[in-house]
Amino acid sequence: PRQFLPPFLECTQKAYDDRGRSPKLYAFKTIETPYIEEYERIFPEMRFIHIIRNPLANYSSLKRTNMVKKSWPFWQHGGDEMRMFLEKRWLPHARFLVNEGLSKDSKHFLIRYEDLVANPISSAGWVLSPHLIQHI
């Protein structure tokens, strides 16, 4: 990400932002949680909003998307997709949040997906609160 992300964001801005000025806030979505520390290093002012979902519901959705919408066979990734999902994605993300990401002075914020779907305003309205975006 060190070489990729800054130029990617700059090119995206040039392609889609016709205001002719630098943005005050960047936002992007990723599921590649192994790079969190790298993002923190490259963008020291970055704030992170983590949306975490019940792992069984998350896996069910992943499986449904891959098999129904993408028409992939269950062996598409060459092995046990549930194990890959848990070991490479969900568990490392959850461990990061528990062990490092949610400390008192952290720039990481957590929203449960189930809460977000059930009541978006009360579960995520704080995202736009002044204390979170005061650097803009």
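Residues are classed by relative accessible area: buried means under 20%, exposed over 50%, and partly exposed in between, with a 1.4 Å probe and protein chains only. Under this rule D115 is partly exposed, because its relative accessible area is 33%.

The structure is a predicted model, in which local features need pLDDT of at least 70 and side-chain atom pairs count only at pLDDT 80 or more, while totals for chains, interfaces and linings use all residues. Residues are numbered from 1 along each chain as its sequence is written, and side-chain values use heavy atoms, with hydrogens and water left out.

**Overall architecture**

The chain has seven helices and two strands, arranged from the N terminus as α-α-β-α-α-β-α-α-α. Helices (H or I, at least four residues) and strands (E, at least two) are DSSP runs numbered from the N terminus. Of the 136 residues, 26% count as buried. The accessible surface of the chain is about 10100 Å², and carbon and sulfur atoms account for 58% of this area; accessible areas come from the Shrake-Rupley method with a 1.4 Å probe, and for residues only the protein chains shown count as cover. With contact defined as heavy atoms within 4.5 Å, 61% of the contacts between residues at least 6 apart in sequence join residues at least 24 apart.

**Helix 3 and its ends**

Helix 3 spans residues 55-69, 15 residues in total, and reaches 20 Å from its first C-alpha to its last, close to the expected 21 Å. The expected span is 1.5 Å times one less than the number of residues. Within helix 3, Y59, S61, K63 and N66 are buried, and their cover includes helix 4 (81-101). Just after helix 3, S71 adopts a positive phi of about 60°.

**Salt bridges**

A salt bridge is a side-chain nitrogen of Lys or Arg within 4 Å of a carboxyl oxygen of Asp or Glu.

| Salt bridge | Closest N and O atoms |
|---|---|
| E38 with R41 | 3.1 Å |
| R112 with E114 | 3.9 Å |
| D115 with R112 | 2.9 Å |

E38 and R41 both belong to helix 2 (residues 36-42) and are three residues apart, about one turn of the helix. An α-helix has 3.6 residues a turn, so residues three or four places apart point the same way. E38 counts as buried because its relative accessibility is 18%, whereas R41, at 47%, counts as partly exposed.

R112 is partly exposed, with a relative accessible area of 42%, and E114, at 24%, is likewise partly exposed. Salt bridges that share partners join R112, E114 and D115 into one network.

**Nonpolar surface patch**

I49, I51, Y113 and V117 make a nonpolar surface patch of about 350 Å². Patches are made of residues with over 30% relative accessible area and no salt bridge; like charges are joined within 9 Å, and nonpolar side chains (Val, Leu, Ile, Met, Phe, Trp, Tyr) within 5 Å. Strand 1 (48-52) and helix 5 (113-118) each supply at least two residues of the nonpolar patch. Y113 lies in helix 5 and counts as partly exposed because its relative accessibility is 32%.
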